[in-house]
Amino acid sequence: MTTTAGILDIAITRNEHSKIGEIDFENLTFGKNFSDHMLMADFENGRWGDFRIVPFGNFEIHPSMASLHYGQALFEGLKAYKSPEGEILLFRPMENARRMNRSAERLCMAQMPEEMFIEALTTFLDIEREWVSNKEGCSLYVRPFMFGTEPFLGVKPSDSYRFMIITSPVGNYYDGAIKVKVEMEYTRAAKGGTGTAKAAGNYGAALYPAKMGQDKGYRQLVWTDAAEHKYIEESGTMNIFFVIDGKIITPSLDSGTILAGVTRDSIIQVAKAWGWPIEERKISVEEVVENINNKKLTEVFGAGTAATIAQIQLMHIGGIDYTLPEVETREFSNKVGKYLSDLRTGKIDDPFGWVVRI
Ligand code: COI
């Protein structure tokens, strides 16, 4: 075992039996394969400690562990890429550190100083660097997560937490343009709820309506507001953007029900820098239908870390399938998708200062 010299003193136990030779990097299913190690840390008596990197594998939990019963669990997602020079590149990891703490606050969980998060993350990725493939479209998906560990069945915030990082080599989340169903009955998040937090429970609660859509051939749902099902919010696993009459429009975060995606924010900043008109505002289902019909709507796409830019080819709205313009004709999303991909993989200059090199 070795330890690092940073602020954390991370204990490292190497896995003697790497699985990397067993991985088919040409055919990766999202989240099915895991790298050789995992990082763990525990929050006890009011402080984070015992940071350790150990061989990936099962671990013990107490059957009454708080998060299993009352859902104090959150996660983050980011991707590591390899530059042409062989460096490991992370895209805006500080945003994940900040968002994790915002989620933790909403779920009454322990927060982690941002520099601690970044040191844990970069030390871990340095250990797993050979798992970051430089193949086109490949990356190492990084999943930091945290859950309450106190063994107690009373309903209250846990006194203790575990923070972990696991990584999974991945290709594209979606294998092409997708069909989506605009959900007008079930709800992802209501005002005052946990919609802005990356709470594990948000995803669990979405599974049933998502499955009903998938059974009818729609890969994802597009959520609408809980009160009236009138306004578009976000899609499953990603935020959503429209291009209407040359303007880029995405639902604003003011509703307090939408996840503040890092890719979403990056697209907004890039669009502004390129001088495209961009509006963060409410967008109604009615406005979308009207502009599909009058052909002013030229692009619809999802944006997220796992999904990157996911083109939407068809929207099912109120019983009607609306086929959207051909993906090849979509000027903004194709351009911004390539730009962000080149930025994340270190192929072009980084005028925003977003890329962190390890
Ligand atoms: C991510 O893009 O990192 C996400 O959190 C989506 C995930 C649920 C697949």
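Trainee: Which residues are around the ligand?

Mentor: Phe75, Gly77, Tyr141, Arg143, Tyr173, Lys198, Tyr203, Thr305 and Ala306. A residue gets listed if one of its heavy atoms lies within 4 Å of the molecule. Keep in mind that this is a predicted model, where local features need pLDDT of at least 70, side-chain atom pairs count only at pLDDT 80 or more, and totals for chains, interfaces and linings use all residues. Residues are numbered from 1 along each chain as its sequence is written, and side-chain values use heavy atoms, with hydrogens and water left out.

Trainee: How does that shell divide into nonpolar, polar and charged?

Mentor: Five nonpolar, two polar and two charged. The classes are: Ala, Val, Leu, Ile, Met, Phe, Trp, Tyr, Cys and Pro as nonpolar, Asp, Glu, Lys and Arg as charged, and the others, Gly among them, as polar.

Trainee: Which side chain has a polar atom 2.6 Å from a ligand oxygen?

Mentor: Tyr141, through a polar side-chain atom. There are backbone atoms to look at too: a backbone N or O of Ala306 is 2.8 Å from an oxygen atom of the ligand, and one of Thr305 is 3.3 Å from a ligand oxygen. For polar contacts the cut-off is a pair of N or O atoms within 3.5 Å; within protein, one must be able to donate a hydrogen and the other to accept it, and residues adjacent in sequence count only if both atoms are side-chain atoms.

Trainee: How much of the ligand's accessible area does the protein cover?

Mentor: 91% of the 280 Å² that the ligand has on its own. Those areas come from Shrake-Rupley with a 1.4 Å probe, and for residues only the protein chains shown count as cover.

Trainee: Which domains does the shell draw on?

Mentor: Domain 1 (2-171) and domain 2 (178-344), with at least three residues from each. The bounds come from an automatic or database domain assignment.

Trainee: How far apart are the C-alpha centres of the two domains?

Mentor: 28 Å. As for the interface, 20 residues of domain 1 are in contact with 21 residues of domain 2, contact being heavy atoms within 4.5 Å.

Trainee: Switching topic: where is Thr250, and is it buried or exposed?

Mentor: Thr250 is found in strand 14 (residues 247-250), and it is buried, at 1% relative accessible area. Buried means under 20%, exposed over 50%, and partly exposed in between (1.4 Å probe, protein chains only). Strands (E, at least two residues) and helices (H or I, at least four) are DSSP runs, numbered from the N terminus.

Trainee: What is Thr250 in contact with?

Mentor: Leaving aside neighbours within four places in sequence, Thr250 contacts Ile240, Phe241, Arg264, Ile268, Glu279, Glu280 and Arg281.

Trainee: What does the side chain of Arg98 make a polar contact with?

Mentor: The side chain of Glu95, at 2.9 Å. Arg98 is in helix 2 (residues 93-106) and is partly exposed, with a relative accessible area of 34%.

Trainee: Which residues of helix 6 are buried?

Mentor: In helix 6 (residues 285-293), they are Val285, Glu287, Val288, Val289, Asn291 and Ile292.
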